[in-house]
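Here are a few notes to read alongside the structure.

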Amino acid sequence: MEDSVEEAADEGVETEGESAENTAAASAAGKENAPEKITFAGHDIYLTQEQNVTAETESVKTLVSSPVIARDAEAVKVTIGNISETPISYNANMELQVQKDGAWYVVTRNSEPVGQQDTTVVLEPGMAQDEELDLTDYDLDYDADAYRIITYVDGEPFSAGFRFESVEQGLEEELEVNK
């Protein structure tokens with residue numbers, strides 16, 4: 001393994017550890033210089049306290065159905081997986097965040113979901129559960145840097161990131177379909 005890390009460094013390629021360190025450093029630097037409040041899609045949104053949130057640990061893994069979402073998508077599917085040997089619990093009331101200029105902000109819902117304010121789900125070892133975040137509850141900026149969905153597993157935040165397809169990607173796909 002040492003050889004591959006050294007070779008990657010010699011070739012100027014980021015290793016997995018370096019990439020995570022650089023992302024964490026960029027997020028930390030982004031938060032230091034970021035305003036506490038910005039206007040996003042016509043609403044004031046606020047800087048989140050948790051800038052560096054993982055998607056995976058030895059016991060939990062979170063991911064979205066696709067890292068690139070269609071602009072007309074009404075929901076995003078998130079999978080929470082328990083890869084440990086003990087049960088875990090998570091809050092099904094997820095939070096949407098947007099990255100602007102290197103910092104993460106909480107996107108405000110237009111209305112609170114009915115009956116899901118504090119829904120705790122228990123996952124047995126080796127099990128996974130799909131949840132959906134309804135995008136129609138939000139005013140969105142499809143050109144934002146990135147989005148992530150936050151859920152709390154055993155009290156710790158976990159994220160699953162995505163972005164919206166660019167206008168060019170959508171046009172290219174339509175041209176392919178209509179050939």
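1. A word on patches to begin with: they are made of residues with over 30% relative accessible area and no salt bridge, like charges being joined within 9 Å and nonpolar side chains (Val, Leu, Ile, Met, Phe, Trp, Tyr) within 5 Å. A salt bridge here is a side-chain nitrogen of Lys or Arg within 4 Å of a carboxyl oxygen of Asp or Glu. Asp and Glu count as negative, while His and the chain ends are not counted. On the surface, a patch of negative charge brings together Asp 72, Glu 74, Glu 132 and Asp 134.

2. Before going further, please keep in mind that this is a predicted model: local features need pLDDT of at least 70 and side-chain atom pairs count only at pLDDT 80 or more, whereas totals for chains, interfaces and linings use all residues. Residues are numbered from 1 along each chain as its sequence is written, and side-chain values use heavy atoms, with hydrogens and water left out.

3. Glu 132 counts as exposed because its relative accessibility is 55% (exposed means over 50%, buried under 20%, partly exposed in between, with a 1.4 Å probe and protein chains only).

4. Strand 11 (residues 146–153) deserves a look. Because 7 of its 8 residues are buried, strand 11 is largely enclosed by the rest of the structure. Strand 11 runs antiparallel to strand 7 (residues 95–100), with 5 bridges, and Val 98 stands opposite Tyr 147. Strand 12 (residues 156–164) is also antiparallel to strand 11, through 7 bridges; there Arg 148 has Gly 161 as its bridge partner. For pairing, DSSP must find at least two bridges between two strands.

5. Strand 7 is joined to strand 8 by 4 bridges, again antiparallel, with Lys 100 opposite Ala 103. Strand 8 also takes 2 bridges from strand 2 (residues 43–47), which is antiparallel to it; Tyr 46 is partnered there with Val 106.

6. Two turns are worth checking. The hairpin of strand 7 and strand 8 has 2 residues between the strands, and Asp 101 takes a positive phi near 50 degrees there. Asp 101 is exposed, because its relative accessibility is 73%. The hairpin of strand 11 and strand 12 also has 2 residues between its strands, with a positive phi of about 50 degrees at Asp 154. With a relative accessible area of 47%, Asp 154 is partly exposed. Most residues other than glycine have a negative phi.

Note on methods: Accessible areas come from the Shrake-Rupley method with a 1.4 Å probe; for residues, only the protein chains shown count as cover. The place of a charge is taken as NZ of Lys, CZ of Arg, CG of Asp or CD of Glu.
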